[in-house]
Amino acid sequence: MDEKKKDIDYEFMAVWQAFYRRHNANFFDVFFYDREKLTNEDIKRVIQKVSDFFQLPVPVVQDKCETIAKVMTCEDASECELYYNWQMMTRAGVNNKDSLTLVIVHEMSHQFLYHTRFMLFDNEMWIQELAADMLVGGFSILGGDVGTGKYKYALETLPASLTHPEGKLRAKIVEYGRKYAWDLITIHHYHDVKDLLKGLPAFVYGHYSELQESWEKVSIEDVAETPFAFGENVDVEALPNNTYGTRLLEDYIKRIKEKQNENNGQ
Ligand SMILES: [Zn+2]
């Protein structure tokens with residue numbers, strides 16, 4: 001075999017291996033392989049592509065952010081603001097175009113779902129997050145075979161919080177979203193992006209006890225760590241509902257009061 005032929009084979013092998021590991025969420029594949037340097041122009045193009053997918057106007061973009069990425073959704077979608085921090089992303093394992101794309105898909109999903117309430121669980125915010133990650137899975141199929149490994153890896157490191165369910169469950173719904181999208185296409189039932197979410201209730205009910213246990217733990221742990229910071233006379237009933245239409249703040253203060261009563265031995 002001459003030298004040239006050998007080089008071509010290696011090149012082909014490298015492409016083939018990258019193709020086969022693109023959905024792997026392990027440390028080595030995430031941090032040692034398939035990293036890419038992206039320019040601001042590349043990032044702009046990704047945001048354009050994702051906006052087109054959702055048929056949303058391109059958001060106002062800020063490349064400074066204290067977290068990996070966040071979105072300020074708005075009634076008027078043209079005023080939606082998208083923030084990202086590329087350095088923080090690469091440290092978390094989001095270090096190439098595919099994984100960046102999926103982060104943007106997740107954030108833009110929140111604008112896409114601005115008027116949608118699922119009402120499947122006590123904490124609507126958690127379901128909104130799962131819906132966004134289900135759309136990430138769907139996009140990875142419909143947006144042209146986008147690798148999910150690095151995105152899932154970054155998720156899997158995140159614990160549950162008041163606003164987000166456990167990262168491991170979020171990574172699971174990415175996979176579920178991929179399978180669901182694939183099934184929809186196969187049986188010719190895909191018409192638009194919202195179709196991708198028809199399978200969301202099945203996932204939520206299939207993981208209901210897991211969600212409930214996790215939520216119970218998170219809300220109690222959070223209360224236990226928070227010193228009582230509200231006056232005695234908070235009118236709980238008069239508190240505003242939060243952004244996603246849950247009674248989170250109200251429930252939270254009720255829990256604090258219960259906890260305080262317990263501590264006082266009542
Ligand atoms: Zn989110």
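Q: Which residues does Leu102 touch, leaving out those up to four places away in sequence?
A: Leu102 touches Val136, Phe139, Ser140, Val146, Thr148 and Tyr151. Being in contact here is about C-beta atoms, placed from the backbone, that lie within 7 Å.

Q: Okay, and what kind of model is this?
A: It's a predicted model: local features need pLDDT of at least 70, side-chain atom pairs count only at pLDDT 80 or more, and totals for chains, interfaces and linings use all residues. Residues are numbered from 1 along each chain as its sequence is written.

Q: Back to Leu102: buried or exposed?
A: Leu102 counts as buried because it has 29 C-beta neighbours inside 10 Å. The cut-offs are 20 or more other C-beta atoms within 10 Å for buried, 12 or fewer for exposed, and partly exposed in between.

Q: Where is Leu102 found?
A: In helix α5. Helices (H or I, at least four residues) and strands (E, at least two) are DSSP runs, numbered from the N terminus.

Q: New topic: which residues touch the most other members of the largest nonpolar core?
A: Ala131 and Met134, out of 46 residues in that core. A nonpolar core is a set of buried Ala, Val, Leu, Ile, Met, Phe, Trp, Tyr and Cys residues joined through C-beta atoms within 7 Å.

Q: Which element gives the largest share of this core?
A: α6, with 10 residues.

Q: And why does Val71 count as partly exposed?
A: Because Val71 has 19 C-beta neighbours inside 10 Å. Val71 sits in strand β2, residues 69–72, and its contacts beyond four places in sequence include Cys80, Glu81 and Leu82.

Technical notes
Two residues are in contact if their C-beta atoms, placed from the backbone, lie within 7 Å.
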